[in-house]
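Please look over the sequence and the model below before reading on. The paragraphs that follow lead you from a sheet to a cavity, a pocket and a single side chain.

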Amino acid sequence: MVLKLNEFRDKLAGCWAGKNVGGVLGAPFECKRMVPDVDFYIQDLSMGPPANDDLDLQIVWLAAVERYGRNVNASILGDYWLSYVIPNWVEYGTGKANLKAGIVPPMCGDVDNTYKNSNGCWIRSELWACLAPGHPEIATRYAFEDAIVDHANEGMYGEIFTAALQSAAFAESDREKLIDIGLSYIPEDCAVARAIRKTVECYHNGIDYLEARKIVHNTAPGTFGIQEYKLSEIPKENNEGMEIGEPGFDAPENVAFVVLGLLYGEGDFGKSLIIANNCGEDTDCTCATLGALLGIIYGASGLPEKWTKPLDDKIVTMCIDKTSHGIWVPDTATELAERILRVVPGFLGQDLCDAFAEGGMTIECLEKEALLCNKTTDYLPLINGNGKSEELPIRDLCALSSYVARYQFPAFSVMVDYEDSVFFTPGENRKFKVKVVNSNTMREQQWVKIKLYLPEGVTAVGASTAELPLNNLYLSCAEKEFEINTEGFSDSRLELIVDVSLTGRHSNGPVKVVLFAGK
């Protein structure tokens with residue numbers, strides 16, 4: 001399918017206009033377990049719309065993409081997060097604190113992060129969908145890099161799902177097909193997937209949406225709507241039978257409420273947003289994400305003027321540090337869309353985006369049947385690797401432990417498995433694994449050398465060096481588990497270097513491993 005310039009521009013503008021509309025509608029009811037039962041904005045918009053953190057965080061990411069293009073990753077996004085994002089609340093603050101301590105992604109999104117399963121990252125999926133329209137396998141890969149800065153597990157699955165949904169919406173408009181596409185990118189047994197499937201089941205069984213709200217909630221109980229209440233003061237009206245979940249376990253039900261609004265709204269923009277808003281909980285997020293999705297499907301030209309006119313296309317930010325002059329903040333949703341439009345050709349590359357097509361830029365989207373996630377099992381392991389990507393399909397990638405750190409070098413990639421902890425017990429042995437995979441593009445058969453450089457007081461148990469064959473067959477790798485002894489080490493922070501090099505090549509890949517004395 002070919003997406004032509006004018007259609008793409010309309011869908012792109014629709015995405016951000018819809019995001020803005022939904023965020024403004026839902027903002028007054030955020031953090032409330034209630035059924036608002038309103039059918040329009042309740043704010044005074046005569047001076048313009050209120051600030052929307054769901055939207056402005058993505059402006060920071062866009063600044064990173066404008067500089068680094070397709071090379072942007074979690075490490076780069078983490079640096080931008082530390083420099084330009086103001087809030088320190090819950091998962092945002094924990095991710096920043098972990099990054100400052102030297103804990104790299106994806107571990108920075110997991111360690112001591114009670115809100116790793118909450119809503120702060122799936123609300124940032126639109127940028128990746130817009131940069132990779134009709135290519136959910138690309139959009140989700142960058143959404144993963146985004147999510148692991150400050151989230152893990154269900155929070156991250158939420159962003160993978162919404163990025164796939166929104167990217168596919170540039171090429172597919174059938175609501176239930178879009179849901180199937182999104183589900184194909186996340187683990188089948190995760191809570192986000194279970195809550196979404198329960199939503200679809202309620203819809204097909206003709207269950208009233210307000211009853212479905214309770215059923216979906218109890219499938220994966222969250223706590224976002226009771227953060228401001230004493231347990232004894234949680235409102236009983238419309239909330240009878242709703243269970244209390246774990247603090248921070250908010251993404252599954254709220255992502256499902258996006259799907260609930262999508263299905264029960266029957267394609268009507270305003271009705272869909274009102275229904276999502278009536279589910280309560282994280283209303284600005286659910287309505288904004290749904291508004292963006294419907295904006296992509298219908299385009300800016302297809303959005304009701306009733307909803308867009310009061311906002312006058314304006315966007316207002318609240319989370320961006322502007323004092324260092326490092327972030328250019330747009331004034332309107334249209335201006336934001338146009339900035340993204342300019343980045344897309346370099347982001348997608350010449351094979352997917354023809355910037356010089358007659359009549360203007362065109363984008364080669366995946367055909368509808370190809371929008372679903374690829375599987376590792378599509379090919380036989382260890383079969384000839386030529387022509388096959390060594391990148392893990394996103395469902396497999398996001399199912400990795402949050403304690404597997406990944407590093408990309410020109411001729412190979414490295415994964416360091418911390419084995420479920422960033423801590424070591426002083427005086428005891430500590431194990432970790434190093435895995436090396438051949439480059440996607442430099443597919444020569446190689447030998448790889450993995451060598452440890454240890455601080456004083458730390459010794460290797462067994463060999464500190466390994467030399468292994470590094471084949472280029474599908475899913476082949478070189479892997480070594482190392483063990484160190486910390487009996488002579490007295491510091492609270494242990495830093496060692498894993499140096500990876502290929503025989504006959506000048507380049508190497510040093511990787512720092514950081515462990516903390518404690519748990």
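In what order do the five strands of the open sheet follow one another? The order is β4-β5-β7-β11-β9, with antiparallel pairing, where strands are DSSP runs of E with at least two residues, helices are runs of H or I with at least four, and both are numbered from the N terminus. Two strands count as paired if DSSP finds at least two bridges between them. The edge strands are β4 and β9 (459–460), each of which pairs on one side only. Between β4 and β5 (residues 412–417), which run antiparallel, there are five bridges, and Ala405 stands opposite Val416 in β5.

This is a predicted model, in which local features need pLDDT of at least 70 and side-chain atom pairs count only at pLDDT 80 or more, while totals for chains, interfaces and linings use all residues. Residues are numbered from 1 along each chain as its sequence is written, and side-chain values use heavy atoms, with hydrogens and water left out.

A search of the whole structure finds one cavity of 30 Å³ or more. On a 1 Å grid over the protein atoms alone, a cavity is a set of points where a 1.4 Å probe fits but cannot get out, whereas a pocket is an open set with protein on both sides within 12 Å along at least five of seven lines; lining residues have an atom within 4 Å of a point. The largest cavity holds about 80 Å³ of space, and of the 13 residues that line this cavity, Pro106, Phe144, Leu400, Ser401 and Ser402 are the closest to its centre. The elements that give two or more residues to this lining are α16 (394–398) and β4 (404–408).

The second largest pocket has a volume of about 330 Å³, a volume being the space filled by probe spheres set on grid points that are joined across faces, edges and corners. Its lining has 23 residues, of which Glu30, Asp53, Trp89, Phe224 and Asp282 lie nearest the centre. Two or more residues each come from α2 (53–68), α4 (90–100) and α13 (283–298), and the largest share, three residues, comes from α4.

Finally, Ser184 is found in the loop between α8 (175–183) and α9 (191–204). Is Ser184 buried or exposed? Ser184 is buried, because its relative accessible area is 14%, and buried means under 20%, exposed over 50% and partly exposed in between, with a 1.4 Å probe and protein chains only.
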